[in-house]
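The following note sets out points for a colleague who wishes to examine the model in some detail.

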Amino acid sequence: QVQLVESGGGLVQAGGSLRLSCAASGSIFTGRAMGWYRQAPGKQREMVGVINGGGDTDYADSVKGRFTISRDNAKNTLFLQMNSLKPEDTAVYYCAADANFRLIPRYFPSEDEYGYWGQGTQVTVSS
């Protein structure tokens, strides 16, 4: 079992920055693929950024160059640095952990392979 707790959301003006954190506990963090997803009102949940067990990263096209996902394995913490925020970034942001460890550390799980989810943190960007 993995427990995930997000923090760092809030209200920010367009062009501003926020840093989200996700504290993981309950199971091994190092080597497990992690991701940030978001869901805006009336829209489907979408991937924002993911980092696999090997440290490779991938991002949604809409956030490339503005958001950075990173992890501190010593502190069992996942981060999402969000810069140049836009009103369309407004959503609830969720931290997710792969349900399994992979034989190939550089594997990127699909959304349905993330077996653990946090409760979400609201990010609101005003224009």
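1. A residue is termed buried when its relative accessible area is under 20%, exposed when that area is over 50%, and partly exposed in between. The model discussed here is predicted. By this cut-off Tyr-37 is buried, because its relative accessibility is 3%. Tyr-114 likewise counts as buried, at 3% relative accessibility, whereas Trp-117 is partly exposed, with a relative accessible area of 27%.

2. These residues, Tyr-37, Tyr-114 and Trp-117, make up one aromatic cluster. Over the whole structure, 3 aromatic pairs are found.

3. Since Tyr-37 is in strand E4 and Trp-117 in strand E10, the pair ties together parts that are 80 residues apart in sequence.

4. The largest nonpolar core has 29 residues, and those touching the most other members are Leu-4, Trp-36, Leu-78, Leu-80, Met-82 and Tyr-93. Among the elements that give two or more residues to this core are strand E3 (18–25), strand E5 (46–51) and strand E11 (121–126). A second, separate core of 5 residues includes Tyr-37 together with Ala-33, Val-50 and Ala-96.

5. The protein chain contains 11 strands and 0 helices. Its radius of gyration is 14 Å, close to the 14 Å given by the globule rule for 127 residues, so the chain is as compact as a globular protein of that length. Of the 127 residues, 42% count as buried. Among contacts with a separation of 6 or more, 61% are between residues 24 or more positions apart.

6. Where is Arg-66 placed? It sits in the loop between strand E6 (57–59) and strand E7 (67–72). Arg-66 counts as buried because its relative accessibility is 11%. Its side chain reaches the backbone oxygen of Ser-62 at 2.9 Å. Neighbours within four places in sequence aside, Arg-66 is in contact with several residues, including Gln-81, Met-82, Asn-83 and Asp-89. Met-82 is also one of the residues that touch the most other members of the largest nonpolar core.

Note on methods: Residues numbered from 1 in each chain as written. Predicted model: local features only at pLDDT ≥ 70, side-chain atom pairs only at ≥ 80, totals over all residues. Heavy atoms only, no water. Helix = DSSP H or I, 4+ residues; strand = E, 2+ residues; numbered from the N terminus. Buried < 20%, exposed > 50% of the residue type's maximum accessible area, 1.4 Å probe, protein only. Polar contact = N/O pair within 3.5 Å; in protein donor to acceptor, adjacent residues only side chain to side chain. Contact = heavy atoms within 4.5 Å. Core = buried A, V, L, I, M, F, W, Y, C linked by side-chain atoms within 4.5 Å. Rg over C-alpha atoms; globule rule 2.2 N^0.38 Å. Phe/Tyr/Trp six-rings, centres within 6.5 Å; stacked < 30°, edge-to-face > 60°.
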